[in-house]
Amino acid sequence: MSRRSALWGGLAAAGALAAGCTNAPPGAAAPPATAAPLPSSPAPAPPSGAGIEAVEPGRIVVVGHRGASGYRPEHTLAAYELAIRLGADAVDVDVVPTRDGALVARHEPEIGGTTDVGTRPEFASRRTTKEIDGTASTGWFTTDFTLAEMRTLRAKERIPATRPHNTLYDGRFPVVTFDEVLDLLDRLAAELRRPVGVLPEIKHSTYFASLGLPVEPALVETLRRRGRDRADSGVVIQSFETANLRALKSQVGCPLLQLVDAAGTRPADLVAAGDPRTSETLVTPAGLRGVAGYATWIGPTKELIVPLGPGDAETAPTTLVQDAHAADLKVMPYTFRNENEFLPAARRRGGPGAPPDTYGDAFGEYQQYVALGVDAVFSDDPDTALAAVRP
């Protein structure tokens with residue numbers, strides 16, 4: 001099935017509701033971004049019991065990964081709004097700092113691939129190369145821009161070859177702050193009369209701290225100011241690093257989620273501390289018991305649950321889900337997507353010549369993980385996820 005055909009089924013009703021988040025009519029040029037002031041007073045606390053910790057037993061939680069990023073450029077208000085209107089319980093928000101310490105919603109500090117900064121001559125001289133967690137990256141970085149400068153940029157689709165339909169929205173949406181995402185979610189919760197959760201992910205904690213721009217104090221301040229630092233406030237804080245989550249355990253009341261990268265990788269804080277442990281160490285029975293000392297959730301890459309062998313062929317599932325449950329951890333794997341390239345080989349459709357945006361057997365993959373006992377899923381396509389896990 002092509003992505004174009006699938007969109008008509010999944011978005012016929014909801015798409016119009018979140019097509020914009022700008023005042024520009026269809027086909028019109030995008031209006032210039034305006035600088036909205038940061039909130040100066042606490043927002044009303046969300047209703048008690050809000051968010052993903054309040055769902056009924058046995059119900060699988062669906063988290064819109066960077067919003068509904070299968071249908072809109074990621075980390076935009078349009079993507080977040082669409083995810084919630086499609087029925088997601090919560091959205092995942094990556095937070096990174098600007099030069100002046102504001103938290104903005106971007107997948108990585110490098111923004112050349114997700115904004116129009118590369119077309120802006122006034123910022124051409126800021127293109128540079130930085131080493132982040134041991135990997136060199138060239139482009140433009142949030143830490144070289146003030147919030148006011150970031151507000152002049154417009155978002156674009158990160159993987160246009162795979163999601164060409166999302167490029168329709170390139171240039172229409174501004175970069176937004178974490179506070180602005182929370183404002184949107186509060187409005188949607190009030191309008192839809194249901195809890196709306198949020199999972200802020202702290203990106204590159206050790207790296208940003210080394211620049212004097214630690215993410216954690218700003219995140220804690222934001223959550224406290226907005227009454228979102230409680231166990232029942234609908235927030236789950238996530239990170240691939242471990243030391244920051246251990247420290248946050250005593251600073252906030254909201255649950256924590258330990259993300260775990262692919263086999264063979266090492267969390268950046270462990271590398272910096274000379275700790276030889278790898279991602280695989282975290283998901284052994286002993287490692288999971290250690291994680292349970294500070295976190296409520298474990299968020300492994302899917303391949304730690306169902307490994308892929310040669311040719312992306314699925315192999316026998318591991319015991320990770322059962323082991324995590326034995327350690328009293330809930331399991332939220334990432335990332336479920338509809339397109340062939342993100343699915344195991346046997347679940348791909350259309351043959352070798354299929355267009356990059358061709359959908360595969362996403363339902364079969366979801367149902368496999370449901371049968372294995374996962375408690376939640378991160379999905380770029382929340383409507384597909386909901387149809388699969390709550391038939």
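Modeller: A residue is called buried under 20% relative accessible area, exposed over 50%, and partly exposed in between, with a 1.4 Å probe and protein chains only. This is a predicted model, in which local features need pLDDT of at least 70 and side-chain atom pairs count only at pLDDT 80 or more, while totals for chains, interfaces and linings use all residues. Residues are numbered from 1 along each chain as its sequence is written, and side-chain values use heavy atoms, with hydrogens and water left out.

Biologist: Why is arginine 230 called partly exposed?

Modeller: Its relative accessibility is 28%, which lies between the limits of 20% and 50%, so the term partly exposed applies.

Biologist: What makes the contact between aspartate 232 and arginine 230 a salt bridge?

Modeller: A salt bridge requires a side-chain nitrogen of Lys or Arg within 4 Å of a carboxyl oxygen of Asp or Glu. Here the N to O distance is 2.9 Å, so the contact meets that definition. Aspartate 232 is also partly exposed, at 24%.

Biologist: Which residue forms a salt bridge with arginine 85?

Modeller: The partner is glutamate 191, and the closest N and O atoms are 3.0 Å apart. Arginine 85 lies in helix 2 (residues 77-85) and glutamate 191 in helix 4 (residues 178-192), so the pair ties together parts 106 residues apart in sequence. Helices here are DSSP runs of H or I with at least four residues, and strands are runs of E with at least two, numbered from the N terminus.

Biologist: How many salt bridges are found in the whole structure?

Modeller: The search finds 30.
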